[in-house]
10 protein chains.
Amino acid sequence: MTETIYSGLKQLGGATRLPESPDQAELERVQNPQADVAYNVRFTVPEFTSLCPMTGQPDFAHLVIDYMPGDWLVESKSLKLYLGSFRNHGAFHEDCTVSIGRRLAGFLKPRWLRIGGYWYPRGGMPIDVFWQTGPMPEAVWIPDQGVPPYRGRG
Amino acid sequence: MTETIYSGLKQLGGATRLPESPDQAELERVQNPQADVAYNVRFTVPEFTSLCPMTGQPDFAHLVIDYMPGDWLVESKSLKLYLGSFRNHGAFHEDCTVSIGRRLAGFLKPRWLRIGGYWYPRGGMPIDVFWQTGPMPEAVWIPDQGVPPYRGRG
Amino acid sequence: MTETIYSGLKQLGGATRLPESPDQAELERVQNPQADVAYNVRFTVPEFTSLCPMTGQPDFAHLVIDYMPGDWLVESKSLKLYLGSFRNHGAFHEDCTVSIGRRLAGFLKPRWLRIGGYWYPRGGMPIDVFWQTGPMPEAVWIPDQGVPPYRGRG
Amino acid sequence: MTETIYSGLKQLGGATRLPESPDQAELERVQNPQADVAYNVRFTVPEFTSLCPMTGQPDFAHLVIDYMPGDWLVESKSLKLYLGSFRNHGAFHEDCTVSIGRRLAGFLKPRWLRIGGYWYPRGGMPIDVFWQTGPMPEAVWIPDQGVPPYRGRG
Amino acid sequence: MTETIYSGLKQLGGATRLPESPDQAELERVQNPQADVAYNVRFTVPEFTSLCPMTGQPDFAHLVIDYMPGDWLVESKSLKLYLGSFRNHGAFHEDCTVSIGRRLAGFLKPRWLRIGGYWYPRGGMPIDVFWQTGPMPEAVWIPDQGVPPYRGRG
Amino acid sequence: MTETIYSGLKQLGGATRLPESPDQAELERVQNPQADVAYNVRFTVPEFTSLCPMTGQPDFAHLVIDYMPGDWLVESKSLKLYLGSFRNHGAFHEDCTVSIGRRLAGFLKPRWLRIGGYWYPRGGMPIDVFWQTGPMPEAVWIPDQGVPPYRGRG
Amino acid sequence: MTETIYSGLKQLGGATRLPESPDQAELERVQNPQADVAYNVRFTVPEFTSLCPMTGQPDFAHLVIDYMPGDWLVESKSLKLYLGSFRNHGAFHEDCTVSIGRRLAGFLKPRWLRIGGYWYPRGGMPIDVFWQTGPMPEAVWIPDQGVPPYRGRG
Amino acid sequence: MTETIYSGLKQLGGATRLPESPDQAELERVQNPQADVAYNVRFTVPEFTSLCPMTGQPDFAHLVIDYMPGDWLVESKSLKLYLGSFRNHGAFHEDCTVSIGRRLAGFLKPRWLRIGGYWYPRGGMPIDVFWQTGPMPEAVWIPDQGVPPYRGRG
Amino acid sequence: MTETIYSGLKQLGGATRLPESPDQAELERVQNPQADVAYNVRFTVPEFTSLCPMTGQPDFAHLVIDYMPGDWLVESKSLKLYLGSFRNHGAFHEDCTVSIGRRLAGFLKPRWLRIGGYWYPRGGMPIDVFWQTGPMPEAVWIPDQGVPPYRGRG
Amino acid sequence: MTETIYSGLKQLGGATRLPESPDQAELERVQNPQADVAYNVRFTVPEFTSLCPMTGQPDFAHLVIDYMPGDWLVESKSLKLYLGSFRNHGAFHEDCTVSIGRRLAGFLKPRWLRIGGYWYPRGGMPIDVFWQTGPMPEAVWIPDQGVPPYRGRG
Ligand SMILES: [Ca+2]
Ligand SMILES: [Ca+2]
Ligand SMILES: [Ca+2]
Ligand SMILES: [Ca+2]
Ligand SMILES: [Ca+2]
Ligand SMILES: [Ca+2]
Ligand SMILES: [Ca+2]
Ligand SMILES: [Ca+2]
Ligand SMILES: [Ca+2]
Ligand SMILES: [Ca+2]
Ligand SMILES: [Ca+2]
Ligand SMILES: [Ca+2]
Ligand SMILES: [Ca+2]
Ligand SMILES: [Ca+2]
Ligand SMILES: [Ca+2]
Ligand SMILES: [Ca+2]
């Protein structure tokens, strides 16, 4: 269709293989078409899986990423491939969640970013991890992530 | 207060210790005051715990017991103590749930009984166990147990 | 306003005292204005309380009463006063629920009636009681009572 | 737009006044465009109000009407006006609900029809009324009406 | 990747335009890889829109399609394009829902099929439409569609 | 009926075609009848659809618009037609949401305005976009938009 | 019963007609029995209806009124009659909600007051209106009104 | 069992009669075992009932009491008996709720206390009452009471 | 701990690698300790992932497996490893779900078995697959799987 | 697998007995791999049980622990064993909850920590306890714990 800010991208639209590790994943970004105003964007990622570095068994998480774009928007297919690259990668819950947030913050140079990682229970006790680059700037707004609390059974 | 069908009971009202195992627990029963009609009774037990026979670690379950009394009603304090007696007792999920149902059915001789055991997840996969003495007799009625399904996170 | 089937009633509209016991409560009924067809009526009663006959302490229940009128409809204010009369009356959970159903069935002579009593937890284990006069006649319809299951905390 | 089965209607599209009573309301019907197969239609009516014949005070209900069309579909604007005509009309809960169902059944001559009336609480006890023309014909299907049960507070 | 039952399809994987009307949409089907057993498949379609034939204004619906495949499975991209073809097409609620069901049933020749159409409210009263080819064959199973009932506000 | 602030409007009440693009849509406004006090208004728009500029395929969103009127209220039918004009228009999620908010803010000159765009998932990851003109002025109040978080399945 | 702060009221306890318009409704107030402390009171009004001034058709809303009493409490039956007086009265959504709040604030002279009006959808887009007299005074507390957001279908 | 801070209490463990009025109820308190730190305690009371002083008819409420202990914890059985003493006592909604909060605050001398009273509907409009001793001290934390809003039917 | 029916198992308790494909996964079974009665067992599996055979991209599903054991119970760790073996395996939604059910049925020879596969949305339309070995035998009981329906956004 | 920060731990991976009391439980900690940034971690513990010091009967609670790591992360298996050590230990609700929080705070020396203890009802009134080390440091973020309020029945 029309010529867009997406025209220079490598992975969008083509047949793309899942990267073998986070290191091999290439995040891409496009120019923020509303860069003159402050706003927030949320990605919800219910399909995240990695491996436990202790046992090699699969782990699963539900991630929610909020950010306030500066000059760049993350291109969503490259974000999906980056997150998919953890599929065969060992990662501790706390470390993994914060690392994803920091890599995105380093690449996108947003005005602000936060990530919530809601991990599926192991040993009956789920772990949630919450990181942000700093306090949310005033004048912008983003709702609570609103992920329901874990409650076991009953 | 008044003289009641509860007057001959041993455990009700007194200071009672938790039995050390299901074998040592003594179920008690009282006469069904409405024995001439068919009806159903439900006990919901969100506070059940036993030990894993493989690892000795605690397991937890949410139990729901439905029965259609014949000549007897179970006395609820003795039921609570019987269920509490699993606290230091090793029990597999499937076996434990069905055993509780069968012991109650043997003791109360109800017209019908069923038990649902909704176990907390282990290894990310919870087990539920459902047993009943046979089809629910016609003309009586009991709602679905309605325990919400497990859904992990998100 | 207009002359209605309610015109002969004693308790409706006047200043009425709560009966001191169920025996002193007077149920009233009016002619079923749609007596030529089969239909069902549900009363939901979230404000029921009685006394524990063992301890004298208050008990609470949420009641749902479904019936298929024959020649009579129950007059709702007299139903409310009858149910309110348990306020200072000792009653066991199973017995009380079935007794209310039976008294209504005897007085209204409905084609069918059922009652669900959902008692607040004592000792951590709530009791629910379900009675009906027999199978629901074919050709009529009534939804499940749909009272959410008890789940403790979390 | 196109010539349709709706072309002969009186009330659709014009500026229409609310009828002053149910008697003055004129239901309209259109030919069932799928009359060779059996299917079901549900109208959900959360905006129903009438007057209490005893006190003249407003009553409110949530109605759900299910029917299996024969030769006719009800025209929805005329249905809305008919239901709106109860606004200044006195009606008892049980009688009103069944009467609406019967008038629709008489007018539409459906293969089957049912109505559920879920009235707002008076005296703390809401009344629900359920009527249908007979058992739902086999081979058709309609979900439960699924209106949440009343629960008071908490 | 591998050669599959999907290899002969026209629309899958390519850049495809939305058909301009349902007539121009081409449904495709693939061989049922489990044709020797009876099972059920559900598609949930929360993104359906058409035009009102009376006013030309957009209508929206949430559709749920259940079917029990015979020799064929519907190819999901062609199903999506077919449903998308209603975007600029006038359609009455009752007629549209049943027509979609009948076209799928004619094309797929399933052992059984049903469709539920849950339309967004117009005039404060939403319409739901439910059609199936006949009673669900015994020995198979499919849950209720479980779409929450409309409730207005509050 | 009565002469009102709505009397000068062009689109209200007449037969109106959907504008072919946002540029062709004409927003209208009426005088704020309570302009001497600060208050907030929310429009909830569950029926929004546009086209993906990359693929031409339909996209869907749930929008919530909050504003604090100054001299003007938006006329709701013109708002509906403006939002409907995106139906055949290509729009990226982030850009589209912020653009709608900015056009409304420019036209209505409200004391404050915000928009939340909750897009249906693509590639398994929905995008939400949140923009406001600045911090909500003190002394006014508006609840959280409260749109439930996306959770995938289970 | 006992002599109370309610003894001087006109409408309480008697047979009272619905006022024909808001102008004819007479609000009443009683002395605040806890006037030496700051607290808040919430009325929830799920049974509100008025008429559309453009079409004469009924509108419905769910209202929530919060206030912090000064010298006066509103008498609840007079509040009910005042709100009922909108039944045959034309009122725009934004104007009506704010007007109710302002009349109550003028009459009760509370330390603070707010009103939320949650209107049933028209044209698929419900309007909510939120007004308060100013920021909630420090040291008092009132929960969010917590009315669930509108979501259309699905 | 062991000698504890509870050893001097009068009502705990014994057979205790419900006090006949709030004046006759005796609250008891025990030493705060964590008096050197600031924390909060919540009691949830879904089983509260009193009498309407105007009509003598029963009223029901759901209470939630939050407090930040100073030197004392309330002994929970004495709290239960105090709240039970309203059973045969006339009390207006606003006055009753605030009075309970003030009596507890006077007796316990907590660092902070609040009470929410969520009354069952009368006349279709429930009343909620919220009082606290002052702003919650910084550095402590307590969640919203989270009682779901009343919504009538549907 | 004690010698049990689990004593001969290979994978339980040891450090086990995820099988590379379903073919390489080894299901294990133990003797049913309650083989003389009919009962049902449910496994809920919210952590299932496979690859799309067309694109190689990850797919996710929520599985629920119900069975009525005959001579054997499935050993849960081997079940977990079998389901984990789909992680790097291409599988179509319909085929994959039915295949898992058939392999379990072949291996366990249960009296009855069913599987529900609730797949995460692709192209905005999730697919659910439901298979069972035949009608549930009378006299046993298992609740609906109760997985909430997909609803998109809003 | 790889050498990690977990390599020096005693309890992880081995067969571990439940400690007989909290005093005998040994908490373990690992180096915080993201110690240069401020973030928060939540553990949800729906499987907590202790004994009532007055009666010896079991108590149950749902715990949620939030902390902002400094130099250390708690090792989750040792946390689980510590919490499991209350199984045969007498503990009052208020004291127990705060004690757990203080022991964790003393051992982990976090930048901030809080604990919520949601106890199952006794005597119909559940107790919740909330403690934190002080106000949450600015610039970090953690959602409300979101445990649903207790509501009794109905
Ligand atoms: Ca918030
Ligand atoms: Ca687990
Ligand atoms: Ca059912
Ligand atoms: Ca629980
Ligand atoms: Ca009421
Ligand atoms: Ca059903
Ligand atoms: Ca309740
Ligand atoms: Ca998708
Ligand atoms: Ca999930
Ligand atoms: Ca509408
Ligand atoms: Ca809040
Ligand atoms: Ca409503
Ligand atoms: Ca069912
Ligand atoms: Ca929707
Ligand atoms: Ca209890
Ligand atoms: Ca909050």
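Predicted model: local features only at pLDDT ≥ 70, side-chain atom pairs only at ≥ 80, totals over all residues.
A residue counts as buried when its relative accessible area is under 20%.

As for its partners, β3(C) runs antiparallel to β2 (residues 39–51) of chain C, and 9 bridges join the two. C:Ser50 sits opposite C:Asp59 of β3(C). The β2(C)–β3(C) hairpin has 6 residues between its strands, and C:Gly56 there takes a positive phi near 75°. Strand β5 of chain C (residues 112–119) is also antiparallel to β3(C), joined to it by 8 bridges; C:Asp66 has C:Arg114 of β5(C) as its bridge partner.

Over in chain F, helix α1 (residues 76–84) has F:Ser78, F:Leu79, F:Leu81, F:Tyr82, F:Leu83 and F:Gly84 buried. The buried residues of this helix pack against β2, β3, β4 and α2 of chain F. F:Glu75 caps the N-terminal end of α1(F), placing a side-chain oxygen 2.9 Å from the backbone nitrogen of F:Lys77.

Then there is the calcium ion (ligand 14), coordinated by the OH of E:Tyr120 and F:Tyr120 and by the O of G:Arg153 and I:Arg153, at 2.8 to 3.0 Å. Because F:Tyr120 lies in the loop between β5 and β6 of chain F and I:Arg153 in the segment after β6 of chain I, this pair joins two chains. F:Tyr120 is buried, at 4% relative accessible area, and I:Arg153 is buried too, at 3%.

Definitions and conventions
Residues numbered from 1 in each chain as written. Chains lettered and ligands numbered in written order. Heavy atoms only, no water. Buried < 20%, exposed > 50% of the residue type's maximum accessible area, 1.4 Å probe, protein only. Helix = DSSP H or I, 4+ residues; strand = E, 2+ residues; numbered from the N terminus. Contact = heavy atoms within 4.5 Å. Polar contact = N/O pair within 3.5 Å; in protein donor to acceptor, adjacent residues only side chain to side chain. Donors = N, O, S within 2.8 Å, 3.2 Å for Na, K, Ca; no water. Pairing = 2+ DSSP bridges.
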